[in-house]
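Take a look at the model below.

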Amino acid sequence: AKPDVTVYEIAYFANLLINGNPFVLEMLFCDKHELIYQKQVSIMRSSLESLYTRYGVNRSTSSTFSGTPSSSSSSLSSSSSSSSSSSFSSSNNITSYIDIDDDVDIGFQWLRDRRMQFITRRSVSEYLAYIAKRLKEHSKRPMPGKRIYHCVRLLFDLKRMIRGGAPVIYMPRESHERQILLDIRAEKYTNEGIMLMIDEMTAEVEKERPWTNLPEAPDVDLLETWPHNLRLVMFQQEEAK
C-alpha cells in the first residue's frame, strides 16, 4: 500500500503542538517508530542556501543564529490562535543550542523526552473539539467503520490523559479497547451502539472538567527554542563540511 505521508515545517509543527492538535501530540508517543530520512535530510541540506537567503539568515560560523527576521510578516504564529500564550514568534540572538549529532531523530527524541508536558487542558479541549466536528459530519453523512472509530479511539485516550496518563498508540493484541475498535471497523456495532458509547465516554470526560490536574498549556519557551536549535545545528553541521 502507498504510505500516507505528511510533512510539517518545524515551526508549523511546533504551533500545532502548542495548540494541542491530537495527531501531532500522538506523534510524541509513538514508541515503536522507525524514521527513514537519509534521502530527505540530503534534500533539505541541498536547499539550505536558498532557505537561508529567503529568510535573511546571515550565514556565519559563530554560534549566534543571527539575522532572523523580526518583522511581523515573518513571525511564526498559529493559524488557530493569535494570543501570545498559544503561539510563538521568531527572535534574534538565539545563542544556545542542543549539542546533538543527528539532525532529525535525536532532535525529535529531545522533544519526545518532554512529551508529558504537552498533555494539557488545551489539548483535551482540542480532542473534544475534533470529536465534536467528526460527529457533526457523521450526523449529516454517516461514516461507518474506520471513519467513526477514531472518535472512540481518541476518547479512550482522553480518559487516560485527564487522569495523568498518556495516549496509547500501539495497543496489545489482548487489549479490550483494541478489540472494540476492530469490531467498529468491521461494522459489528450498530450506529446507535457506537453513538451510545461515544456519549457515555464524552460525559465521563466532561464530568471531570476543568481537568485542573493538567497544566493549561505547554511550555511555549521550550517550543520557541526547539526549532531554532534544530535549524542552528543543521546550519553548523553544514558549515563544518
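Q: Is Glu26 buried or exposed in this predicted model?
A: Glu26 has a relative accessible area of 9%. Buried means under 20%. Therefore Glu26 counts as buried.

Q: Which residues is Glu26 in contact with, leaving aside its neighbours within four places in sequence?
A: Glu26 is found in helix α2. Beyond its neighbours within four places in sequence, its contacts are Tyr127, Arg153, Leu154, Asp157 and Ile169.

Q: Is Tyr12 buried, partly exposed or exposed?
A: Tyr12 lies in helix α1. Its relative accessible area is 43%. Buried needs under 20% and exposed needs over 50%. Tyr12 has a value in between, so the residue is partly exposed.

Q: What accessible area do the residues of the nonpolar surface patch with Tyr12 have together?
A: Tyr12 forms this patch on the surface with Tyr8 and Met27. Together their accessible area is about 270 Å².

Q: Which residues is Leu17 in contact with, leaving aside its neighbours within four places in sequence?
A: Setting aside neighbours within four places in sequence, Leu17 is in contact with Val24, Leu25, Leu28, Leu111, Phe118, Pro218 and Leu223.

Terms used
Residues are numbered from 1 along each chain as its sequence is written. This is a predicted model: local features need pLDDT of at least 70, side-chain atom pairs count only at pLDDT 80 or more; totals for chains, interfaces and linings use all residues. Side-chain values use heavy atoms; hydrogens and water are left out. Contact means heavy atoms within 4.5 Å. Patches are made of residues with over 30% relative accessible area and no salt bridge: like charges are joined within 9 Å, nonpolar side chains (Val, Leu, Ile, Met, Phe, Trp, Tyr) within 5 Å. Accessible areas come from the Shrake-Rupley method with a 1.4 Å probe; for residues, only the protein chains shown count as cover. A salt bridge is a side-chain nitrogen of Lys or Arg within 4 Å of a carboxyl oxygen of Asp or Glu. Helices (H or I, at least four residues) and strands (E, at least two) are DSSP runs, numbered from the N terminus. Buried means under 20% relative accessible area, exposed over 50%, partly exposed in between (1.4 Å probe, protein chains only).
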